[in-house]
Amino acid sequence: MSFIAGILTFFLVINCLVLILLVLVQLPKKDAGAGLAFGGGAADALFGAGSGNALTKITKWAAGIFFALALLLGYMQDKLHQGADASAFEKAIQQKQMETPITPQPASQPAAAPSTNSLLSLPISAPASTNAPAPAK
């Protein structure tokens, strides 16, 4: 399963690079934008005068493939890690339970009383004064 995810990740990276190049090659609207700065005229030379339609269709297909691959990889990674994590967690719990069995307390010993030495139960009192000399001025 992880081998297939690796192959699909490779195709996703290739698709991203193609999508970036397609967006950069397209002609900008109103003679501005990144397409003109990065050689937007190359689309006319490569695909002809009707290149806007062809590049637009190819870009739409590349974007659809990108979203499909991203969703498929997300689903595959979720299933891959969910099954492995749950089984490893359950195995670790079972192993820990086997190592340290629970022993019941004998009935003859009374249960330990809760400690009364908490900050909430201490009385509020002034600090004890000391006979230290006063600091010199």
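**View 1. Leu 72 is partly exposed, with a relative accessibility of 39%.** This residue of the predicted model is located in helix 4, which covers residues 51–99. Leu 72 counts as partly exposed because its value of 39% falls between the limits of 20% for buried and 50% for exposed residues. Although Leu 72 and Ala 5 are 67 residues apart along the chain, their C-alpha atoms are separated by 9.0 Å.

**View 2. The largest nonpolar core of the model consists of 6 residues.** Its members are Ala 5, Leu 8, Leu 12, Leu 69, Leu 73 and Met 76. At least two residues of this core come from helix 1, and at least two come from helix 4. As a general background, nonpolar side chains in soluble globular proteins tend to be buried together. Leu 12, one of the core residues, touches Phe 66, Leu 69, Ala 70 and Leu 73, leaving aside residues up to four places away in sequence.

**View 3. Asn 15 is a buried residue of helix 1.** The helix spans residues 2–25. Asn 15 has a relative accessible area of 9%, and therefore counts as buried, the limit being under 20%. Apart from residues up to four places away in sequence, Asn 15 touches Ala 62, Ile 65, Phe 66 and Leu 69. Phe 66 and Leu 69 are also among the residues that Leu 12 touches.

**View 4. A nonpolar patch lies on the surface of the model.** The patch is formed by Phe 3, Ile 4, Ile 7, Phe 10, Phe 11, Val 13, Ile 14, Leu 17, Val 18 and Ile 20, which together have about 950 Å² of accessible area. One of these residues, Phe 3, belongs to helix 1. Phe 3 counts as exposed because its relative accessibility is 63%, and exposed means over 50%.

**View 5. The whole protein chain contains 4 helices and 0 strands.** Read from the N terminus, the order of the elements is α-α-α-α. Of the 137 residues in the chain, 12% are buried. The accessible surface of the protein chain is about 11700 Å², and carbon and sulfur atoms account for 68% of this area. Among contacts with a separation of 6 or more, 69% are between residues 24 or more positions apart.

Notes:
Residues numbered from 1 in each chain as written. Predicted model: local features only at pLDDT ≥ 70, side-chain atom pairs only at ≥ 80, totals over all residues. Heavy atoms only, no water. Buried < 20%, exposed > 50% of the residue type's maximum accessible area, 1.4 Å probe, protein only. Contact = heavy atoms within 4.5 Å. Areas by Shrake-Rupley, 256 points an atom, 1.4 Å probe, with all protein chains shown as cover. Patch = residues over 30% accessible without salt bridge, like charges linked within 9 Å, V, L, I, M, F, W, Y side chains within 5 Å. Salt bridge = Lys/Arg side-chain N within 4 Å of Asp/Glu carboxyl O. Core = buried A, V, L, I, M, F, W, Y, C linked by side-chain atoms within 4.5 Å.
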